[in-house]
Amino acid sequence: MGGDTPTDGSSNTDTDTELNSSAATGGDGTAAESDDAFTYNGGRVDPGESANIRYGISETYLGDPIRVPVTIINGAKRGPTVCLSAAAHGDELNGIEVVREVAHDWDHSELHGTLVCLPVMNVPGFLAQERYLPIYDRDLNRSFPGREGSTSARRMAYQIFTNFIEPCDLGIDFHTSTRGRTNMLHVRADLDNPTVVRLANAFSSNVIIGGDGPSGTLRSEATEAGIPTITVEMGEAHRFQRRLIDRALTGVASVLAEFGCHRESAVHWPGWRVVITDDDEKTWLRADAGGIVDMKHGRGALVEEGDVICTITNPFKEEDDIVAVEAPFTGLIVGVLENPVVYPGNPLCHLVGLERDTRTALEREQRTERSRSELR
Ligand SMILES: [Zn+2]
């Protein structure tokens with residue numbers, strides 16, 4: 001590592017590590033050896049140990065370190081190294097709670113392999129509660145894998161990528177919808193990569209959207225670098241949404257079961273699943289008029305072709321000016337506007353088409369959920 005970046009801290013006065021020896025090395029023949037230590041610049045975490053690290057990736061205008069929180073849990077037994085990351089966009093909070101609960105509330109005494117938990121990657125954005133790095137509004141999630149000696153965003157991305165992503169075998173990166181919108185919990189995955197497909201299926205979301213992702217995203221760059229990675233999209237910015245967090249925790253447990261990290265857990269099947277490829281019907285419906293939106297359906301709703309999804313009105317609610325937006329095909333509303341105002345061209349909802357079988361399973365689930373909530 002070059003010594004001229006301010007954050008390249010092998011001396012690391014800006015990197016605090018608290019080591020806890022949490023488990024003895026197992027004696028069942030699958031025990032990891034000290035070669036299985038997780039190492040990063042300036043530190044190591046041996047099998048059977050965990051560490052809470054604050055790792056310096058940049059410096060503020062005051063010259064103080066900007067440090068990302070990282071928890072490394074190195075299991076006593078051999079297995080894959082799995083990265084769980086969140087808040088590459090600083091105001092997308094649901095994933096932070098997912099990563100923290102896995103890292104700090106779960107029992108990992110029987111863990112095979114290592115978990116690398118990055119609950120808040122975009123620290124400046126998180127502090128400002130903004131999506132982008134507040135430094136020239138750079139998108140950290142278009143800056144991976146990063147580069148030494150480049151822009152501030154790329155230097156930060158580089159520190160995160162080389163130290164904590166590259167040593168991993170698999171990754172799950174948690175996001176939410178952009179501010180003012182919300183989405184169903186779904187997985188985005190490169191369906192041409194067999195391990196990514198296995199990971200996406202194991203996460204057990206109802207909806208998987210295929211595609212290799214824009215360049216510079218953690219998902220596409222990590223996958224390209226040989227670390228199969230999926231993105232999980234869940235809910236809206238600036239919130240903890242408990243039901244979605246619980247669904248995501250089920251997904252993580254299922255992935256850890258599928259890849260042999262938590263052998264006592266089972267792989268979960270979501271009940272129904274729709275996998276959207278490039279050939280399938282899917283569209284972001286956009287407003288053709290400016291105005292105030294009355295949305296008739298929420299995320300996860302099933303709409304029939306021709307159903308009115310929303311109306312757009314002017315401040316006087318003049319009848320002649322009411323624009324009704326209809327579903328162009330029967331489908332599932334995966335993402336939807338929350339902040340009910342639009343310019344022409346702004347997105348209203350993300351609609352994906354459904355096969356008959358999927359639709360039947362979804363309707364059955366929605367009926368069951370309705371009857372469950374009526375019983376409460
Ligand atoms: Zn995001």
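**Around Phe203**

Reply: Let's start at Phe203, which, neighbours within four places in sequence aside, is in contact (heavy atoms within 4.5 Å) with Ile172, Phe174, Leu185, Val187, Ile230, Val232, Ala248, Gly251, Val252 and Val255. Bear in mind that this is a predicted model, in which local features need pLDDT of at least 70 and side-chain atom pairs pLDDT 80 or more, while totals for chains, interfaces and linings use all residues. Numbering runs from 1 along each chain as its sequence is written, and side-chain values rest on heavy atoms, without hydrogens or water.

Phe203, Phe174 and Ile230 have the most contacts inside the largest nonpolar core, which has 71 residues. Such a core joins buried Ala, Val, Leu, Ile, Met, Phe, Trp, Tyr and Cys through side-chain atoms within 4.5 Å; buried means under 20% relative accessible area (1.4 Å probe, protein chains only).

Glu92 sits in the loop between strand E6 (77-86) and helix H1 (94-105), and His175 in strand E8 (residues 170-175), so the two tie together parts 83 residues apart in sequence. Both Glu92 and His175 are buried.

Other buried side chains worth a look are Phe144, with a relative accessible area of 3%, and Phe161, at 1%. Tyr40 and Phe164 are both buried as well.

Terms used
Buried means under 20% relative accessible area, exposed over 50%, partly exposed in between (1.4 Å probe, protein chains only). Helices (H or I, at least four residues) and strands (E, at least two) are DSSP runs, numbered from the N terminus.
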